[in-house]
Amino acid sequence: MASATPTASNAAPPARRTGLLRRFSGSEHAVGWAFVTPATVLIAVFGLLPILWSLLLSFQKSDLLTPETPFVGLDNYKQIPGDATFRLAIEHTIVYTVLFVPATMIVGLLIAAALNRKVRGISIYRTAAYVTMAVSTINEAIIFMWLFEPSFGVVNAVLNGLGLPQGQWLSSPGQALYVIVAMTVWGWTGFAVVIYLAALQGVPKELQEAAAIDGAKPFTIFRTITFPLLSPATLFLAVWLSINALQLFDEVYLTTRGGPLHSTTVVVYYLFDQAFQQFNAGYAAALAYVLFLVILVITFIQFRVGNRFVHYNR
Amino acid sequence: MTTSTTATAPAEPRFRFTRPSPWHLVLIPLTFILLVPLIWMVITSLETEAETRQFPPVLLPASPQWTNYPDALSAAPFLRFMLNSAVVALVVVVANLVLCSLAGYAFARLRFLGRGALFAVLMATLMVPFQVTMIPEFLIVKWVGLNVWDQLGIDHLGALIAPNLATAFGIFLLRQFFLTIPVELEEAARIDGTSRLGVLFKIVLPLSLPAMATLAALTFLDSWNSFLWPLIVINTESNMTLPLGLTTFQGSHATHWELLMAGNVFSLLPMLLVFFAAQRYFVRSVAATGLKG
Amino acid sequence: MAEVEYRKVTRRYPNGVVALTEFDLHVDDGEFVILVGPSGCGKSTALRLLAGLDKPTSGEICVGGAEVTRQGPGDRDIAMVFQNYALYPHMSVYRNLAYGLRQRKTPKPDIDRRVREIGEILGIVELLDRKPAQLSGGQRQRVAMGRALVREPQAFLLDEPLSNLDAKLRGQVRAELKRLHQRLGITSIYVTHDQVEAMTLGDRICVMNQGEVQQLGTPQDVYEHPANVFVAGFMGSPAMNLVPGTVAEGQVLLGGHTLRAAPAGHDDVVVGIRPESLRIAPQGHPGIQVTVDFHEPLGSHALVHCLVGHDSVGVVGDSAAGLVVQAGPDVSPAPGNG
């Protein structure tokens, strides 16, 4: 044995130190680190560092301008429960999420079900349904402001034509949030359709045929066979749309700036307002961490509850 | 009798009229309702100011006001906004493709010290919403602009680019795809004397075009539509991206709906073109993240 | 249970493809009929039309004497076993079996009784609480059959039900199917491309090609008296030898040899000889001189591929005899009664 590897046993001890270095530089370790370093540094500076800094900031008082950021302990967090506007913002965010998420899912599912068939020109219909994915929140907000314009808007014209009362929409504290729900549902329709249509196409046709032979009517087949098999897509959409709903900002900033009378002030808008308009960055950081926790908890609950009814193939 | 019928059988008409499916009666109105907002945007963009101020609204403009478009373009530097958006999006997409494939490959195939821990930390950042990081990010960008290179600082395009050059999501997406490529292909190339970098570029990436296209499509969409971050860091009009520029345009022309809609159509156009050209990739990437996520 | 009848059923797809042409078939009450043919021959279309999953372009379909052509699949009281079983993946075996009964508003105690009954018959009682993903291929196959049988349907349709099983299991399930049919006596229509299944299972076989019936008859009938060259070539394994011959003076000339009386009124004929009807004879015995091309040992016997002129002819030889094939020795098989 020893005689079989004489060169290795002789050469190894003296060369050990340089060997380690040299071995490292040409090794998978070195190549691996060389490959990951650029991306890691960037993510560390712009992703990781801000997360930690934000936590620190939430225990400080900062106006983003002056370099002094005095430590204030838990003051920022203690301030949250007594903040009436923040409580309003939470309320609005919950109302918005509870309306927006199911509405988008139902609209998406219905359209996807209608599009899941072989009809001439179906790809044109599908493209039309997907197209809202290409529309940015800004385009969407400007269009819907015009549709819901109180004096000259199409929506009021249609209501007028039908003999129904017209609305003040985005100018009305009682209606503005619902207009924002409508515009965001429209904006997310393409996304929901893509998800549900892909899931529908993954349901084997034989299962629906077997159910038909078993005597189930089309709606029963959808309810008992197709929809349960879509549950992974349903869970994904519920989680994904909720996360996005809790972070609603663009449309509010563009249409109402949280008004009228704070009626559309949602959490992230309030957070933005505190940080970059009121210059209470420390307090905003604390709010952000609370939001983060809420999102984590809600997502966790959704997965726990969801996993009870979700059927994963294989 | 049977012989005579079979003899005449080929005489039946070749071109048969197939009745259109009744589903069109559902699909056409449905599509129309979905598209009404976009159709109405285009119609309004061709009306006169007087026509926009009629109730009930004018359904078709008396004569299309094509001049609304040059008017809108001269009222705000839309071409500049578009150029800024394109520069930012392209740099970000290319950087993500390069940096994330390097890192994703290392995490998928190379055994290096600390791989597991580093990957876990990077993935953890994915869970944190942007609102948590945006305030310190603002401070970091400000500091970099003052101390490293002003082009990366507040109110420069660099501030929109630098934080998005590499994403943990991109690394994750590509790593997952690389793991599905048979390792034997890479081993064969390595036995033939190809370096790791060579394996990545000559073997792995050519096989990963669908995943690369997915990452490119999602990154592009994200960058192009990004609003909150540009709103925080950009103040000067000439450095604004489309969403931000459109917002300031809206602020100064709030009642000129025909100009607003013309600007809106114009700003929507590039993304629509990209979307139609690459619809396959957008749809596939969204569906893929949805079904795997 | 009921008889099933197709009357001049044609199915033409919008793209012009005709899957089934003027298809006529009468299946007696309790009969087991096999539809067999190569892929694309229309056998699956015929089955789907009977199930109601597809509608014919013209013609009528009757089940139990009643016309069902325009009825939906749920109204025909027919059950079907799919090739990939189509078990509902999110339901337990029990709920899979009960699904059809529930749709028909069967009372709960009855459902329970019948599900357990069929579970007993198929030996899947201990699987009732499992999900399809937790079953083996053979178990899934049983559940799929159970789901069809539990409804006590008028007719039982099977679409290549054994093709997803491995060879050994396939033989077992095939025997079991036969036993099950003898026991329950349900009118069954079985689609397959495997002529061994066709021969062993069917009361009658319907051989199909390009949307048309080639021959309908008992397995023995189809095997011994194929109606045409297609049937002759399709049924039987190893495949029948089809050798062109010419007719002269009431006799068939085949590679320089004469065979028995030929049909009148033809000049050229195709002679079909089953490989098992040929024998290998020692050199010098009366017979046809052939050149051995190669041979495939099959355990109990061997299939010897010979050349007669330019035609390849298969001969079943006795491998126990220790047939040694050297390069190109001449063998003279004796003509059997092909």
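This is a short tour of a predicted model, chain by chain and contact by contact.

Before selecting anything, note that residues are numbered from 1 along each chain as its sequence is written, while chains are lettered from A and ligands numbered from 1 in the order in which they are written. Local features need pLDDT of at least 70, side-chain atom pairs count only at pLDDT 80 or more, totals for chains, interfaces and linings use all residues, and side-chain values use heavy atoms, with hydrogens and water left out.

**Stop 1: chains A and B**

Show chains A and B together. The contact takes 86 residues from chain A and 89 from chain B, where contact means heavy atoms within 4.5 Å. Together the two chains bury about 7900 Å², and carbon and sulfur atoms give 80% of that area. Buried area here is the accessible area (1.4 Å probe) that two parts lose on being put together, summed over both. Now pick Phe35(A), Phe46(A) and Trp146(A): these supply 10% of what chain A buries against chain B, more than any other three residues.

A salt bridge is a side-chain nitrogen of Lys or Arg within 4 Å of a carboxyl oxygen of Asp or Glu. The count between these two chains is one salt bridge and 13 residue pairs in polar contact (both at pLDDT 80 or more). A polar contact is a pair of N or O atoms within 3.5 Å; within protein, one must be able to donate a hydrogen and the other to accept it, and residues adjacent in sequence count only if both atoms are side-chain atoms. Colour helix α3 (residues 28-57) of chain A next, as this helix gives the largest share of the side of chain A that touches chain B, 22 residues. Helices (H or I, at least four residues) and strands (E, at least two) are DSSP runs, numbered from the N terminus.

Then jump to Asn225(B), in helix α12 (residues 209-225) of chain B. Is Asn225(B) buried or exposed? Its relative accessibility is 17%, so Asn225(B) counts as buried; buried means under 20% relative accessible area, exposed over 50%, and partly exposed in between (1.4 Å probe, protein chains only). Not counting residues up to four places away in sequence, Asn225(B) touches Ser136(A) and Pro243(B).

**Stop 2: helix α14 of chain A**

Select residues 267-277 of chain A. Ten of the eleven residues in this helix, α14, are buried; among them are Tyr269(A), Tyr270(A), Phe272(A) and Asp273(A). What covers the buried residues? The cover includes α5 (84-115), α12 (231-246), α13 (250-255) and α15 of chain A, together with α7 (130-147) and α13 (228-233) of chain B. Just after α14(A), look for Phe279(A), which takes a positive phi of about 60 degrees.

**Stop 3: helix α15 of chain A**

Move on to Val305(A), in helix α15 (residues 281-309). Val305(A) counts as partly exposed because its relative accessibility is 45%.

**Stop 4: inside chain B**

Centre on Phe178(B), in helix α9 (residues 168-179) of chain B. With 1% relative accessibility, Phe178(B) counts as buried. Leaving aside neighbours within four places in sequence, the contacts of Phe178(B) include Tyr105(B), Arg109(B), Leu200(B) and Leu205(B).

**Stop 5**

Bring in chain C, with its eight helices and 19 strands. Of its 338 residues, 47% count as buried.

Glu209(A), Ile213(A) and Asp214(A) supply 39% of the area that chain A buries against chain C, more than any other three residues. The contact takes 20 residues from chain A and 23 from chain C.

Finish by zooming in on Glu209(A) and Arg48(C), a salt bridge with its closest N and O atoms 2.6 Å apart. The count between chains A and C is three salt bridges. On the side of chain A that touches chain C, α10(A) gives the most, with eight residues.
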